[in-house]
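Here is a short report on one protein chain. It runs from the whole chain down to single residues.

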Amino acid sequence: MRRRELLMAGVGMILAPALRAQQKAMPVVGCLNLSPPPPSLADLSHDLVHEGLSETGYVEGKNVSFEYRWAEFHYDRLPALAAELVSRKVDVIVALSGTPTALAAKNATSTIPIVFINVGDPVGMGFIASLAKPGGNITGFSNISTELTAKQLELLSELVPQGRLLALLVIRYAQEAAHARNVQLAVQNASTESEIDAAFASLDQLQASGLVVDGDGFISSRLQQVVTLAGGHAIPAVYASSPFVAAGGLISYGIDDAALFRQAGVYVGKILKGAKPAELPVQQPTTFELVVNLDTAKALGLTVPPSILARADEVIE
């Protein structure tokens, strides 16, 4: 009996390294963020990306781990942070903050799968070959920002029909929208608090009739600053999301971001199970929301046309 036990132990010692080599290590998902980290990293395990990922059977700490990188709204840090994730040999990179993070991830690797969220024109920017067949190592979810900006300009023109010069407040990475009919468009770049202040000051000099505010993460993080400045300068502004209107903004027209983040988690799970980004079509939003603040319209001396009120999903009075 003793001899048999020794023999089995010897076999186990021989086979153990081979068995460990065959066991796949826990996959790692790299998350590239433009924003600062939340107060508690524990909160991240309940976000929408994790929720979508769990639908495919992956739970952080159980059978998948995460590497997070935060640029804290310093755009110039993104390339180095993306390179860090590549050096860590993560299995998938999720570019969470639109075009800036997607571009940094794309430039950092041509082999590690990338799932982007909220890129406006991924084909035009050269991220993918087509929506149906992305090709390469990149896929994700577009927020069709160019089309949305055109719609926001249309709404603003309805609110301020006499306006002949409208302004667009964007980050430096944003694409310029198509020219509205018979309306001059002034693009104001802002990627710092002081640049936002300067942009509004220049609107007075330009005598702009209205403002379209881009839905970038940095500008959204300065929501109250932007809404307060719009009110102080008495300029009608249309925003990309309803929180701006709830905070006192005039009107918003945008997409359901939650659905995109959840579906991004599902895509990550599919890739971890062997799907290729080239075979996962880039998806576009199908749900849009129009919100109007009548109190703000009254303060600006505007009458909201019945055509807008009839289409509104929510009216704040």
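**Basis.** This is a predicted model, in which local features need pLDDT of at least 70, side-chain atom pairs count only at pLDDT 80 or more, and totals for chains, interfaces and linings use all residues. Residues are numbered from 1 along each chain as its sequence is written, and side-chain values use heavy atoms, with hydrogens and water left out.

**Whole chain.** The protein chain has 12 helices and 12 strands. These are DSSP runs numbered from the N terminus: helices are H or I with at least four residues, strands are E with at least two. Of the 317 residues, 47% are buried. Buried means under 20% relative accessible area, exposed means over 50%, and partly exposed lies in between (1.4 Å probe, protein chains only). The accessible surface is about 15600 Å². Carbon and sulfur atoms hold 53% of that surface. Areas come from the Shrake-Rupley method with a 1.4 Å probe. A contact means heavy atoms within 4.5 Å. Among contacts between residues at least 6 apart in sequence, 66% join residues at least 24 apart.

**A negative patch.** Asp 256, Asp 257, Glu 289, Asp 313 and Glu 314 form a negative surface patch. Patch residues have over 30% relative accessible area and no salt bridge, and like charges are joined within 9 Å. A salt bridge here is a side-chain nitrogen of Lys or Arg within 4 Å of a carboxyl oxygen of Asp or Glu. Asp and Glu count as negative. The place of a charge is CG of Asp or CD of Glu. Glu 289 sits in strand S11 (residues 288-293). Glu 289 is partly exposed, at 34% relative accessible area.

**Around helix H3.** Helix H3 spans residues 78-87 and contains Glu 84. Glu 84 is partly exposed, with 35% relative accessibility. Glu 84 and Glu 67 are 17 residues apart in sequence, and their C-alpha atoms are 9.8 Å apart.

Which residues have a positive phi although they are not glycine? Glu 72 does, at about 55°. Lys 89 does too, at about 55°. Most residues other than glycine have a negative phi.

Technical notes. Patch = residues over 30% accessible without salt bridge, like charges linked within 9 Å, V, L, I, M, F, W, Y side chains within 5 Å.
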